Every structure is written in C-alpha cells, then in structure tokens.
Amino acid sequence: MTEPQVHAGGSETWWHVRVPATSANLGPGFDSFGLALDLHDEMAVRPTAGGFVVEIDGPGRDAVPLDESHLVLRAMSRAFATVGQTLPGVHLRCWNRIPHGGGLGSSAAAIVAGLLLGRALLPTPDPAQPDRTLSDADLFDLACELEGHPDNVAPALFGGLTLCHPAPNGGTRVVSPVVHPDLRPIAFEAAASSSTKQSRGLLPATVPHADAAANAAAAGLLVLGLTQDPSVLLPATADRLHQPYRAASMPASTTLIADLRAAGLPAVVSGAGPSVLVLCDQSQQQEVHRLLDAGQLPADGFTVRDVAICRTGGQVRADDGRPGGVWAECAG
Ligand SMILES: Nc1ncnc2c1ncn2[C@@H]1O[C@H](COP(=O)(O)OP(=O)(O)OP(=O)(O)O)[C@@H](O)[C@H]1O
Ligand SMILES: N[C@@H](CCO)C(=O)O
C-alpha cells in the first residue's frame, strides 16, 4: 500500500473508521442476536478530483473488486444517494482483519464502515433541510437493507450485545442488554469460508412447531445467560432453526462444536459459519485452552482467539490516513 501523501502544510485529512467483527445468531437467536468482538477492520477515505482508487491489506485483497462495486464504496454511495447527493471520486484504503465469508461479520463491517464514512464525507448539512442528514437510526436502516438481515449490522454499528426485533410498524428495532462481566468468548476462526447467501439457501421455508418452540425457550434463556447467569449458557445455546440444516456443509465446525458441547462448553456456529464461537465464562475459557494444549479438540483448520466483547460500535475520526493509533476504549 502506498504511503499517504504529506504536503508541506501538514498531512492530508482522511476520514478513518474502524468497525468490529461480529458473531450473529449465538445459537437460537437466528437473525436477531449479535455480539461485537474485539477484532477490527479499519478503512480510511479522502475525496479526490474524480474516479476511485482502492488499496487493500489483509483478507479479501485478491478477491474483492477495486472499483465502485467494492462493498464499502457501495455503502458510501448509498449514504450519499439517500440525501440526494452523488459520491465524489475517493481514495479508499482498507486494513482488513476480519476473514471474508468466515461467519464473523465481514460484510456487515464493510457496510457499516461505508455508511459511517459516507456520512462523514457528506457536505455540511443545510439547516433549512434537516431531513437531509443521516442519524444513527437512518444508518442502521440502510445497513439492514444492504446486508439483508439485521443481526450483524446492529452490533457492528452500536457495539456490545444487540437483539433485533421487528418493529410494530415495519422495520427493525434494536435493544442492547448489558453483558455479564464474566463472559470470555473464544472464537475458532475457520480457514475455510462459505457464502452467507448460499448458506441461507440451505434453510427450509418452514420448520416444525416443536423446533420453533424449543428455540423460543432457548432464546429466552440465552438472554438470562448472557446478562445474569452464564451457568445456563449450555442449554441456552441449543439451536434447531439453522445449525442442523447447515451442519453437513461445514463438517469440521460441526465436529468441533459437538466435542466442545460434549465437554460442557457452550459452542455455536458463528453467524452462518464456518467459524465457531464459544460463550465461555472464565473457568470455561481455561478449560478450552487445557483441552487444546492436550490435543483433545479437533481444531485443525481453525485459528483460536480469545476475543473480548467490544462495547463500542463503528468509530470515525479525521486523521492522516495511517492505520492504528488510539481509538476510544473498546474491550469490556
Ligand atoms: N472489507 C470488505 N471489503 C469489500 N468487500 C467485503 C468486505 N468484507 C466482506 N466483503 C464482501 O462480503 C463477502 C462476505 O460476506 P458474507 O456475508 O458471505 O460473509 P461474512 O459477512 O464474512 O460472514 P457472516 O455474515 O456469516 O458473519 C465477501 O466475499 C466480499 O464480497
Ligand atoms: N443470521 C445470519 C447471520 C449471518 O450473516 C445467518 O445465519 O444467515
């Protein structure tokens, strides 16, 4: 990646964003529950005289388009179009850390990054046209539309634990319960990838009533487990709505989850997979590492990360377009 140009009068201003990885579903909370994790993509953008330049480090570098169809640029354009403007030429720099198609919310992070950067780049709002501004709620609605489901974009935008539910008059609402301080998630980041779109195609149009009832019970228990009593998280993470239908498409994840759960550890498919998330408390986190050290978990093909829950959603600042630097506190 080229170094940003520095002019005699100081460095050029870039709008710089960082957005957390997210794990959706958390077992029974299909298309509703999501958790922000302390693993971030960073992007920086500045307007140019015309055209698009995209530079990428990290996952997706050799796979994603480098023109206006890049997901971050599509989201930026959408933010501009929403207020009747056209995105100018931009230079976009991406430092990707979230694997693509891994089940850790890469597309949601890209969409939220693009919307936040788009809002930052928009001309100063005209006080005579207050509807031509974008609130966080507007960005959430746009993100849901672009992603197609809300459970990753909510924690990517707002941080922490988010539960999405249909609003009475249409659209989606978000609530953000406070997570129990003992939670210490572990992510088994899969080297393999899968397309969420294809993985959604494996799901049936209808499910047995008994399965829906079991998931409703587990999802209720999951709120208790995540906020007040982590000891219930093993039964609270049982799912019958999506994991059984996807199991055969990700055999290594399915075996790993079965072994972890047999050891009493609350493991789930992260998002649409194939990564795996374990909603550990402190002693369970140690137990996972003991089992790994003893070679008693089938973890080949996975990178194991202790990932703190990130209380902060996407953050934007103006700077010199270099990666890193100090951001507001994230881990909690
Ligand atoms: N940083 C990014 N820049 C550009 N495109 C991206 C970026 N991140 C994701 N994408 C696009 O999104 C696709 C992955 O999205 P997909 O929804 O299939 O998986 P995911 O978001 O990683 O997993 P999940 O939705 O299960 O959490 C990539 O193949 C790429 O096309
Ligand atoms: N709820 C979504 C999350 C992945 O983006 C799914 O499981 O398809």
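How many residues of domain 1 are in contact with domain 2, and how many of domain 2 with domain 1? I found 21 residues of domain 1 in contact with 29 residues of domain 2, contact being C-beta atoms, placed from the backbone, within 7 Å.

I note that this is a predicted model, in which local features need pLDDT of at least 70 and side-chain atom pairs pLDDT 80 or more, while totals for chains, interfaces and linings use all residues. Residues are numbered from 1 along each chain as its sequence is written, and chains are lettered from A and ligands numbered from 1 in the order in which they are written.

**Domains.** I took the bounds from the domain assignment (automatic or from a database): domain 1 is 6-178 + 310-319 and domain 2 is 186-306. Their C-alpha centres lie 26 Å apart. On the side of domain 1 that touches domain 2, β3 (14-24) and β4 (33-47) each give two or more residues; strands are DSSP runs of E, at least two residues, and helices of H or I, at least four, numbered from the N terminus. I read that side as eleven nonpolar, ten polar and no charged residues (nonpolar: Ala, Val, Leu, Ile, Met, Phe, Trp, Tyr, Cys, Pro; charged: Asp, Glu, Lys, Arg; polar: the others, Gly among them).

**Helix pair.** I looked up α2 (residues 106-121) and α3 (residues 136-147), which pack at about 140° with axes 10 Å apart. Axes are lines fitted to C-alpha atoms over the stretch in contact, and angles run from 0 to 180 degrees between N-to-C directions. α2 is therefore oblique to α3, as oblique covers what is left after under 35 degrees (roughly parallel), over 145 (roughly antiparallel) and 65 to 115 (roughly perpendicular). Among the residues that meet are Ile 111 and Leu 115 in α2 and Leu 139 and Leu 142 in α3. The contact has nine nonpolar, one polar and two charged residues.

Definitions and conventions
Contact = placed C-beta atoms within 7 Å.
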